[in-house]
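Subject: Structure handover

Hi,

Here is the structure for you to look over. My notes come after it.

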Amino acid sequence: MEKLQAVRGTRDLYGQDKLKMKKVIEVGSKVVERYGFEEIETPVFEFTEVFARNIGETTDIVTKEMYSFEKGGDHLTLRPEGTAGVVRAFVSNGMHRQLPLKAYYYGPMFRYERPQKGRYRQLTQFGAELLGVESPQVDVEVIAMAYNFLEDLGLTGKVTVEINSLGDEESRKAYREKLVSYLRGYYDKLSEDSKNRLEKNPLRVLDSKEECDKEIVANAPLYRDSWNESSRGFFEEVIKGLDNLGIKYVINDRLVRGLDYYNHTVFELTTDKLGSQGTVLAGGRYNGLVQQMGGGDVAGIGWAGGVDRLAMLIDEDVFVERPVALIPTGDDVDAKALVIAYNLRKAGIKVEHSYSGSFKKRFEKANKVNACKAIILGSDELRNNEVVIKDLDSGEQKTVALDKLIEELR
Ligand code: ATP
Ligand code: MG
């Protein structure tokens with residue numbers, strides 16, 4: 001039989017890779033909880049329309065990347081991102097009394113993309129959403145929170161905060177008109193995808209990854225020239241706030257983000273360490289989304305970090321607690337060894353129990369699991385209710401009474 005393989009674009013995570021992913025989530029949870037965010041878990045699949053309508057009919061995610069299927073007459077989709085599900089949960093559960101709502105989540109997302117380093121078909125995101133506050137102060141705090149997250153992961157030297165504003169609806173509309181008339185002048189040179197986007201959703205062209213589009217986009221009108229007074233004012237408040245916190249950023253006029261629901265502030269935290277998969281965290285304000293999903297006029301802002309990519313940026317091995325190794329020697333000690341291992345573990349001590357092999361082999365194994373101490377259980381010593389503890393770093397060795405063992409190891 002042919003050897004079974006994981007599906008292309010999916011991975012088995014174990015060892016340091018898994019530890020790093022877990023660490024990213026642990027650090028993220030701690031940071032966002034300091035800002036008052038609480039964990040939410042929404043289903044991994046939803047009705048297709050939750051994503052199709054709200055992420056945007058012409059986005060890459062909806063047109064190409066969704067894993068959709070039919071079951072029991074329902075059209076369902078594995079979630080490609082977290083925001084739509086969180087907002088759907090907010091609306092379904094009538095959580096309006098709890099405004100502002102601060103929710104964070106993490107878990108697998110699914111996108112049918114071309115797999116490469118840092119780009120998977122099952123990916124993990126850690127994200128945060130804040131609903132119900134329109135003030136630019138919140139934009140500052142939410143970006144600061146993302147920055148703290150990467151700081152606590154030890155990554156700030158490796159990342160840049162890029163920021164832009166799409167303005168309010170009026171500004172968006174004005175920009176759209178300017179952009180369309182500019183792009184029409186280059187119609188023949190645009191990629192097929194971008195030709196299609198031109199009518200339906202021209203902003204998407206700015207986000208295109210095709211070389212032929214990128215050249216044209218380089219000279220496209222700037223968003224900032226279409227901001228109205230209040231949009232400009234809003235953005236200036238955000239920038240001022242970041243300045244006050246000492247958070248460095250780069251204003252990127254080309255930043256529009258791949259999803260339809262954004263307005264005002266958009267931002268990305270990028271690195272030059274992961275080749276073309278350099279964006280490690282991205283987000284923005286989405287004031288119209290809750291309304292669009294039937295939940296009333298509730299402002300929103302949020303971001304999602306790519307846990308796979310963040311984990312790849314952690315250089316050092318994640319520290320794992322060193323165990324003590326239990327080494328029984330002699331035929332009649334196995335039963336007692338099980339009892340001792342059980343009691344040590346109940347007392348909170350991490351124990352590696354070596355079940356078989358020569359004395360030498362068991363010591364080799366203790367070193368392999370990076371044990372700090374070996375507890376040698378010999379028949380003679382056990383008869384006197386004693387064991388030998390060997391410090392595997394210094395080589396020092398001593399005999400202790402069995403009932404003092406836990407105390408000795410603490
Ligand atoms: P990209 O432009 O790289 O496709 P995106 O705009 O589609 O990214 P978002 O939807 O903003 O990405 O997702 C937030 C973060 O999730 C990204 O910044 C990235 O770190 C991560 N991410 C997105 N897609 C993938 C993927 N296929 N594999 C691994 N990480 C991903
Ligand atoms: Mg993408």
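Below are notes on salt bridges, a pocket, a cavity and a surface patch.

This is a predicted model, where local features need pLDDT of at least 70, side-chain atom pairs count only at pLDDT 80 or more, and totals for chains, interfaces and linings use all residues. Residues are numbered from 1 along each chain as its sequence is written, chains are lettered from A and ligands numbered from 1 in the order in which they are written, and side-chain values use heavy atoms, with hydrogens and water left out.

Salt bridges

The structure holds 20 salt bridges (a side-chain nitrogen of Lys or Arg within 4 Å of a carboxyl oxygen of Asp or Glu). Helices (H or I, at least four residues) and strands (E, at least two) are DSSP runs, numbered from the N terminus. For accessibility, buried means under 20% relative accessible area, exposed over 50%, and partly exposed in between (1.4 Å probe, protein chains only).

- R34 and D152 pair at 3.0 Å, N to O. They sit in α1 and α5, 118 residues apart. R34 is exposed at 55%; D152 is partly exposed at 39%.
- R88 and E46 pair at 2.8 Å, N to O. R88 is in α4 and E46 in β2, so the bridge ties together parts 42 residues apart in sequence. E46 is buried at 6%; R88 is partly exposed at 21%.
- R197 and D60 pair at 3.2 Å between the closest N and O atoms. R197 is in α7 and D60 in α3, so parts 137 residues apart in sequence are tied together. R197 is buried at 9%. D60, K64, D193 and R197 are linked in a salt-bridge network.

Pocket and cavity

On a 1 Å grid over the protein atoms alone, a cavity is a set of points where a 1.4 Å probe fits but cannot get out; a pocket is an open set with protein on both sides within 12 Å along at least five of seven lines; lining residues have an atom within 4 Å of a point. A volume is the space filled by probe spheres set on the points, which are joined across faces, edges and corners.

The second largest pocket has about 520 Å³. Of its 22 lining residues, E169, R172, D260, Y262 and N263 are closest to the centre. α6 gives the most, with 4 residues.

There are 3 cavities of 30 Å³ or more. α14 gives the most, with 3.

Surface patch

V44, F45 and F69 form a nonpolar surface patch of about 240 Å² accessible area together (Shrake-Rupley, 1.4 Å probe, only the protein chains shown counting as cover). Patch residues have over 30% relative accessible area and no salt bridge; like charges are joined within 9 Å, nonpolar side chains (Val, Leu, Ile, Met, Phe, Trp, Tyr) within 5 Å. F45 is in β2.

Best wishes
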